[in-house]
Amino acid sequence: LVALFGPEHGIRGVAEPGERVDDGIDDRTGVPVFSLYGATFQPKPEMLDGVDVLVFDIQDIGTRYFTYISTMTVSMDAAAAAGVPFLVLDRPNPIGGTVQGNVLEAEFATFVGRFPIAMRYGMTPGEIAGYYEAEFGAEMELLVVPMEGWTRDMFFEETGLPWVKPSPNMPNVESATHYPGTCLFEGTNLSVGRGTDRAFQQIGAPWLDADALVTAVERHGLPGFSIQAVAFVPDAPGDGKFAGEEVHGIRLTVTD
């Protein structure tokens, strides 16, 4: 191991969302850490000096706007340009193989959506890497170590693997399951529960009539989840939405 490359949230997954991370030396291994969420979002050629193979071994959560697949694909581009093989150690898509939501329009591409895939894309990191290389990326030496035993109808709990938070506000699979939908509310004046133990499982605002909203949503008879009125206090640094203030809202719970 000659270097570590950290995505958003850093190599330990503890930096706050959007927080820029500096380069440094890893205190556990003593090797250099190059941040891919700071001064650069892509490995620079000099960062790949002495690197024989660039390995991607990160738990994704299966949603387009979670930035780890963007980091993977820009790193693939850098590896291709440097002639360095890119190796993906595949991991489960924690919310299964279902595909849902709109497909990104290319003119709106950003780091929270680099290429046209669905919001919930139903692929593993290894499959995303293969799709990206075939459809959008440069020709390169891409290697994928496949999983054994995972099937597309499995949610993460069925794998028997431990859940390690990939970011501070992704405490469990319940949050990951709701994230494809509830993350959209970050573009509004509602809190998504950052800084609580149920981030992305609940949304709210101080002025919201939670009971009226529950009644309105239940009227649609939407399947697969239950809904209840709640109060919570967001407390995420940098969130900027009602931090430390009690808000009223709704909580979603997966039932199917």
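## Close-up views of a predicted model

View 1. Gly-24 stands opposite Val-33, a residue of β3. Please keep in mind, here and in every view below, that this is a predicted model. Strand β3 covers residues 32-35 and is joined to β2 by two bridges, with the two strands running antiparallel.

**View 2. Phe-115 and its ring partners.** The structure holds 13 aromatic pairs, and this view visits two that share Phe-115. Phe-115 and Tyr-132 make a tilted pair, with 5.0 Å from centre to centre and 50 degrees between the planes. Phe-115 belongs to the loop between β6 (100-103) and β7 (118-120), while Tyr-132 belongs to helix α2 (residues 125-135), so this pair ties together parts that are 17 residues apart in sequence. Phe-136 sits in the loop between α2 and β8 (142-145), so its pairing with Phe-115 ties together parts that are 21 residues apart in sequence. At 35% relative accessibility, Phe-136 counts as partly exposed.

**View 3. A cluster of rings, and a charge over a ring.** Which residues do ring pairs link into a cluster? They are Tyr-65, Phe-66, Tyr-68, Tyr-179 and Phe-200. Elsewhere, look for Arg-20: its charged end sits over the ring of Tyr-37, 4.9 Å from the ring's centre.

**View 4. Arg-251, a buried charge without a salt bridge.** Arg-251 is part of strand β11 (residues 247-254). This residue is buried yet has no salt bridge. How far away is the nearest side chain of opposite charge? That side chain belongs to Asp-197, and it is 5.9 Å away; a salt bridge would need a nitrogen and a carboxyl oxygen within 4 Å. The side chain of Arg-251 does have a polar contact, at 3.0 Å, with the side chain of Gln-202.

**View 5. Asp-57 with Arg-91.** The structure holds five salt bridges, and here is one of them: Asp-57 with Arg-91, whose closest N and O atoms are 3.0 Å apart. The pair links distant parts of the chain, 34 residues apart: Asp-57 is in the loop between β4 (54-56) and α1 (68-82), and Arg-91 is in the loop between β5 (86-89) and β6. Asp-57 counts as partly exposed at 39% relative accessibility, and Arg-91 counts as partly exposed at 28%.

**View 6. Asp-77 with Arg-114.** A salt bridge brings together the side chains of Asp-77 and Arg-114 (3.5 Å, N to O). Asp-77 lies in helix α1 and Arg-114 in the loop between β6 and β7, so to speak a link between distant parts of the chain, 37 residues apart. Arg-114 is partly exposed, its relative accessible area being 28%.

**View 7. Arg-194 with Glu-186.** The side chains of Arg-194 and Glu-186 meet in a salt bridge, 2.9 Å from N to O.

Terms used:
Residues are numbered from 1 along each chain as its sequence is written. This is a predicted model: local features need pLDDT of at least 70, side-chain atom pairs count only at pLDDT 80 or more; totals for chains, interfaces and linings use all residues. Side-chain values use heavy atoms; hydrogens and water are left out. Two strands pair if DSSP finds at least two bridges between them. Helices (H or I, at least four residues) and strands (E, at least two) are DSSP runs, numbered from the N terminus. Rings of Phe, Tyr and Trp (its six-membered ring) pair if their centres lie within 6.5 Å; planes under 30 degrees apart count as stacked, over 60 as edge-to-face and the rest as tilted. Buried means under 20% relative accessible area, exposed over 50%, partly exposed in between (1.4 Å probe, protein chains only). A charge sits over a ring if NZ of Lys or CZ of Arg is within 6 Å of the ring centre and within 35 degrees of the ring normal. Lys and Arg count as positive and Asp and Glu as negative; His and the chain ends are not counted. A polar contact is a pair of N or O atoms within 3.5 Å; within protein, one must be able to donate a hydrogen and the other to accept it, and residues adjacent in sequence count only if both atoms are side-chain atoms.
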